[in-house]
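Thanks, everyone. I'll keep this short. Please have the sequence and the structure up while I talk.

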Amino acid sequence: ERKSSLLDVYQNVIMMGGWPDDLLEINSIQEAITKGVRVQDATLQMAYLRAMGAEQVIPLVKTKAQWEFFFRTFENSEITPHLDRVPEHLRADILADDLGL
């Protein structure tokens, strides 16, 4: 079990319906994806997306940069159940990763 990170703390606060102090609130999954791609430290955006869950996020991910951010945000185990909704050319990476290739 990895030690709790700021990401986990933010994610837990958001999942409980709260919001981390002193941080601008994110109003939508789309906003979190868009900002997450652009900002240097996307901890808050990643925590928000993880709190929403991969299944909710996948339909809104469009560009290559957004997919890269998505794959940095979620673990393979969270993505695998929804693999059929991930663009085909990106699936191979996850499967190869899971197989240790």
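Start with aspartate 8. In this predicted model, its relative accessibility is 14%, so aspartate 8 counts as buried. The cut-off for buried is under 20%.

What does aspartate 8 form a salt bridge with? The partner is arginine 50, and the closest N and O atoms are 3.2 Å apart. Now place the two. Aspartate 8 sits in helix 1, residues 6–15, and arginine 50 sits in helix 3, residues 43–52. The pair therefore ties together parts that are 42 residues apart in sequence. Is arginine 50 buried or exposed? Buried, because its relative accessibility is 11%.

How many salt bridges are there in total? The count comes to three. Here are the others.

Take glutamate 31 and lysine 35. They form a salt bridge, with 3.0 Å between the closest N and O atoms. Both residues are in helix 2, residues 29–38. They are four residues apart, about one turn of the helix. Lysine 35 is partly exposed, at 31% relative accessibility.

Next, lysine 64 and glutamate 68. This salt bridge has its closest N and O atoms 2.8 Å apart. Helix 5, residues 64–73, holds both of them. Again the spacing is four residues, about one turn of the helix. Lysine 64 is exposed, with a relative accessible area of 65%. Glutamate 68 is partly exposed, at 41%.

A word on charge overall. The protein chain carries 10 positive and 16 negative side chains. The centres of those two sets lie 5 Å apart.

Now step back to the fold. Which elements make up the chain? Seven helices and zero strands. Along the sequence the pattern reads α-α-α-α-α-α-α. The radius of gyration is 14 Å, close to the 13 Å that the globule rule gives for 101 residues, so the chain is as compact as a globular protein of that length. Its C-alpha atoms fill a box of roughly 40 × 30 × 25 Å along the principal axes.

Then contacts and surface. Of the contacts with a separation of 6 or more, 47% come from residues 24 or more positions apart. Buried residues are 40% of the 101 in the chain, and aspartate 8 and arginine 50 both count as buried. The chain exposes about 6,500 Å². Carbon and sulfur atoms supply 52% of that area.

To close, go back to the pair we began with: aspartate 8 in helix 1 and arginine 50 in helix 3. Happy to take questions.

Terms used:
Residues numbered from 1 in each chain as written. Predicted model: local features only at pLDDT ≥ 70, side-chain atom pairs only at ≥ 80, totals over all residues. Heavy atoms only, no water. Helix = DSSP H or I, 4+ residues; strand = E, 2+ residues; numbered from the N terminus. Rg over C-alpha atoms; globule rule 2.2 N^0.38 Å. Buried < 20%, exposed > 50% of the residue type's maximum accessible area, 1.4 Å probe, protein only. Contact = heavy atoms within 4.5 Å. Areas by Shrake-Rupley, 256 points an atom, 1.4 Å probe, with all protein chains shown as cover. Lys, Arg positive; Asp, Glu negative; His and termini not counted. Charge placed at Lys NZ, Arg CZ, Asp CG, Glu CD. Salt bridge = Lys/Arg side-chain N within 4 Å of Asp/Glu carboxyl O.
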